[in-house]
Amino acid sequence: MADTPLRRCAHLEALAESALGLGLGPAAALVAPIHARGRFGNALQWHFGLDPHDSSEQLDWEDRIELKLVSVWRRRDGGLACDKLKVCDITADPWRKLGNVLWVFADRMTRAIVGHRFTRLAGAARSSLAAAWDHDPHFDRPAIFVEAREQDERQAPAYYLSATWLAEHVLPASLPGVYRFDAKWWSEARGHGRWRRDPLLALWRGEPSPVACPRCGGPLRCELDRLRAEGWSPAVHAMPLGPDCGLQAHAVLAMAGLPLAPGALGFDDLVAAIESRVAASQVARLSDRVLEPEDHEHD
């Protein structure tokens with residue numbers, strides 16, 4: 001299999017550059033059911049002016065470039081990590097899907113976009129995936145494999161990329177705005193209340209505990225030492241409680257860890273998105289704010 005030719009688009013590049021610091025939570029709530037798998041990927045598609053969808057045999061952007069959202073977090077040693085990633089359904093061609101890709105990276109907790117990169121399937125990335133076809137899926141830990149998940153009460157087999165391959169060939173060495181992530185705590189916190197919803201987040205500006213809840217003003221008690229050391233802390237919402245504050249768990253994040261600095265364009269919108277303070281009528285679409293160039297500079 002030969003290297004894939006490079007495909008470019010100046011419009012897509014402008015959107016990707018403008019997406020830094022974009023909070024995906026409000027758009028995800030707007031375009032997809034709250035428990036839908038892939039809802040943040042749907043939000044990214046919507047922000048880029050596309051119709052949100054879960055799977056299509058065509059490439060997302062002009063049938064030339066695929067969009068992939070990668071959730072990332074920071075390990076204790078400071079490096080970046082991610083999970084395995086769905087490529088496409090078993091009925092689609094994974095090589096075509098991976099031929100030219102815009103990878104968009106979003107922090108696992110804040111769901112804010114923290115960076116991006118374009119790749120084409122070439123060189124070591126291509127050869128490592130090609131070699132995976134000869135690997136045993138149970139013992140060799142191949143770079144690309146088939147896995148079936150429950151979807152709409154049926155088994156939905158799909159191609160997946162391993163987290164190891166993504167770390168070697170896709171993830172940058174560093175990104176701004178990426179927090180540590182405690183998967184065990186997050187899973188348990190989602191069990192707070194009846195609906196298994198993600199914890200509500202608040203941002204810490206350096207004030208003493210308790211931190212004021214940005215939604216109702218009530219006190220959020222957290223571990224300041226952990227906040228300073230790790231950039232975030234679980235929190236307990238004391239009385240008084242807002243109408244939704246008692247139904248979900250809470251966490252506080254250090255504002256200094258965000259991908260945008262105070263005063264930067266988009267900073268206030270980012271903070272409001274992370275703190276779940278954006279009404280559906282206030283969700284602004286990124287593609288409406290980015291000028292489409294006359295020449296897309298297709299190669």
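These legends go with close-up views of a predicted model.

**View 1. The largest pocket and the residues around its centre.**
This pocket has a volume of about 1600 Å³. There are 50 residues in its lining, and if you want to find the middle, look for Arg 37, Gly 38, Arg 39, Lys 86 and Arg 149, which lie nearest the centre. Sorted by class, the lining comes to 20 charged, 18 nonpolar and 12 polar residues.

**View 2. The helices and strands that line the largest pocket.**
Two helices, H3 (39–47) and H7 (183–190), each supply at least two residues of the lining. So do the strands E1 (66–74), E3 (85–89), E6 (144–151) and E7 (154–161). Which element gives the most to this lining? That's E1, with seven residues.

**View 3. The second largest pocket.**
Here the volume is about 770 Å³. The lining is made up of 38 residues, with Gly 25, Ala 29, Arg 197, Leu 200 and Ser 276 nearest the centre. By class, 23 of the lining residues are nonpolar, nine are charged and six are polar. Helix H2 (25–31) gives the most, with five residues. Other elements that each supply at least two are H3, H7, strand E8 (200–204) and helix H9 (267–274).

**View 4. The largest nonpolar core.**
A set of 28 residues makes up this core, and the ones with the most contacts inside it are Val 72, Leu 98, Trp 103, Phe 105, Leu 129 and Leu 161. Elements giving two or more residues to the core include the strands E1, E2 (80–82), E3, E4 (100–107) and E7, along with the helices H5 (123–131) and H6 (163–169). There's also a second, separate core of 26 residues, with Cys 9, Phe 40, Trp 46 and Ile 65 among them.

**View 5. Phe 105 and its neighbours.**
Leaving aside residues up to four places away in sequence, which residues does Phe 105 touch? Among them are Val 70 and Val 72, a run that includes Ala 112, Ile 113, Val 114, Gly 115, His 116 and Arg 117, and then Val 170, Leu 171, Pro 172 and Leu 175.

**View 6. Ala 122, in a loop.**
Look between strand E5 (113–120) and H5, and you'll find Ala 122 in the loop. Is Ala 122 buried or exposed? Its relative accessible area is 17%, so Ala 122 counts as buried, the cut-off being under 20%. Ala 122 and Leu 98 are 24 residues apart along the chain, with their C-alpha atoms separated by 10.0 Å.

Terms used: Residues numbered from 1 in each chain as written. Predicted model: local features only at pLDDT ≥ 70, side-chain atom pairs only at ≥ 80, totals over all residues. Heavy atoms only, no water. 1 Å grid on protein atoms, 1.4 Å probe; cavity = no way out; pocket = protein on both sides within 12 Å on 5 of 7 lines; lining within 4 Å. Points joined across faces, edges and corners; volume = space filled by probe spheres on them. Helix = DSSP H or I, 4+ residues; strand = E, 2+ residues; numbered from the N terminus. Nonpolar A, V, L, I, M, F, W, Y, C, P; charged D, E, K, R; others polar. Core = buried A, V, L, I, M, F, W, Y, C linked by side-chain atoms within 4.5 Å. Buried < 20%, exposed > 50% of the residue type's maximum accessible area, 1.4 Å probe, protein only. Contact = heavy atoms within 4.5 Å.
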